[in-house]
Amino acid sequence: MDAAVLSVVTIGGALALGAMSPGPSFILVARTAVASSRRAGMGAALGMGVGSVIISLIALLGLHTLLAAVPWLWLALKTGGGIYLLWMAFKMFRGARQPLHVTTEANAGKSFRRAFLTAFGTQISNPKTAVVFAGIFAALLPAHITPMMYVTLPVVSMLVDGLWYAFVAYALSSSGPRNTYLRYKAAFDRIGGSVMALLGIRLIVK
């Protein structure tokens, strides 16, 4: 197998394992799917996929090297990302006891757009994701990166994240998971908000 093709396959596998690990992205897509609609969940999945394109391009352009050379930039990115996650957690806590009206076809388009933008913001606000991407690329890419890699790897990143979160959205927007969520909405929102807040605090202080 060609070295470049092997690198792309290996990187795709590493990114898939990272996408499947629990984190703020998973919480957001899962909650969107069960609390709103399958369409909104797919919007969130697409937002994650498009965010991965941006992150992979930044990583390919040498984010890790830049952050090593400019330590304050890493601190600024971490703080900004942590504050964003804390804001998301606050919104989840604030709306925990509010009754939920499942999205209908009449406003599904708006829900899709909002879910996409929220997921996109969540994906690109976490600098650790970009650093993980940069580390994977640095470890698994060949010494010479061909111009085609700058197209192939962002596409692979988008497919990995987009397809995984689309699967999550499809599975959790079924009637069983949704009815369970609606029954215990306050508890699920508080648990999810707590995890989101802890991740935000950890991002800021660590």
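Mentor: Contact means heavy atoms within 4.5 Å. The model is predicted: local features need pLDDT of at least 70, side-chain atom pairs count only at pLDDT 80 or more, and totals for chains, interfaces and linings use all residues. Residues are numbered from 1 along each chain as its sequence is written, and side-chain values use heavy atoms, leaving out hydrogens and water.

Trainee: How many helices are there in the protein chain?

Mentor: Read the elements from the N terminus: α-α-α-α-α-α-α-α-α-α. Helices (DSSP H or I, at least four residues) and strands (E, at least two) are numbered from that end. The chain has 0 strands, and its helices number 10.

Trainee: What percentage of the chain's residues count as buried?

Mentor: Buried means under 20% relative accessible area, exposed over 50%, and partly exposed in between (1.4 Å probe, protein chains only). The chain has 206 residues, and the buried part is 43%.

Trainee: What share of the contacts with a separation of 6 or more comes from residues 24 or more positions apart?

Mentor: Count the contacts in the protein chain with a separation of 6 or more.

Trainee: How do α2 and α3 run, roughly parallel or roughly antiparallel?

Mentor: Take α2 as residues 24–35 and α3 as residues 38–60; their axes lie 7 Å apart, at an angle of about 160 degrees. So α2, against α3, is roughly antiparallel. Axes are lines fitted to C-alpha atoms, for helices over the stretch in contact, with angles from 0 to 180 degrees between N-to-C directions. Under 35 degrees counts as roughly parallel, 65 to 115 as roughly perpendicular, the rest as oblique, and over 145 as roughly antiparallel.

Trainee: Which residues of α3 make the contact with α2?

Mentor: The two helices pass in a right-handed crossing. From α2 come Ser-25, Leu-28, Val-29, Thr-32 and Ala-33. From α3 come Ala-40, Gly-41, Ala-44 and Met-48.

Trainee: How many residues of that α2 and α3 contact are nonpolar?

Mentor: Ala, Val, Leu, Ile, Met, Phe, Trp, Tyr, Cys and Pro count as nonpolar, Asp, Glu, Lys and Arg as charged, and the others, Gly among them, as polar. Here no residue is charged and 3 are polar, while the nonpolar ones number 6.

Trainee: And α3 with α8: roughly parallel or roughly antiparallel?

Mentor: Helix α8 covers residues 149–172. Its axis lies 7 Å from that of α3, at about 155 degrees. Therefore α3 and α8 are roughly antiparallel.

Trainee: How many residues of the contact of α3 with α8 are charged?

Mentor: This crossing is right-handed too. On the α3 side the contact includes Arg-38, Gly-41, Met-48 and Leu-60, and on the α8 side it includes Met-149, Asp-161, Tyr-165 and Tyr-170. By class, 16 are nonpolar and 6 polar, and the charged ones number 2.

Trainee: What is the angle between α2 and α8?

Mentor: Their crossing is right-handed. The axes are 8 Å apart, and the angle is about 35 degrees.

Trainee: Is Thr-122 buried or exposed?

Mentor: Thr-122 sits in helix α6, residues 108–125. Outside four places in sequence, Thr-122 is in contact with Pro-24, Leu-28, Met-48, Tyr-84 and Met-88. Its relative accessibility is 3%, so Thr-122 counts as buried.

Trainee: Which residues does Gly-43 contact, leaving aside neighbours within four places in sequence?

Mentor: Gly-43 belongs to α3. At 0% relative accessibility, Gly-43 counts as buried. Its C-alpha is 8.1 Å from that of Ser-111, 68 residues away along the chain. The contacts are Phe-112, Ala-115 and Phe-116.

Trainee: How far apart are the C-alpha atoms of Met-20 and Asp-161?

Mentor: Met-20 is in helix α1, residues 3–20. At 45% relative accessibility, Met-20 counts as partly exposed. Met-20 and Asp-161 are 141 residues apart along the chain, and their C-alpha atoms are separated by 8.7 Å.

Notes: Left-handed = near helix turned anticlockwise from the far one by under 90°.
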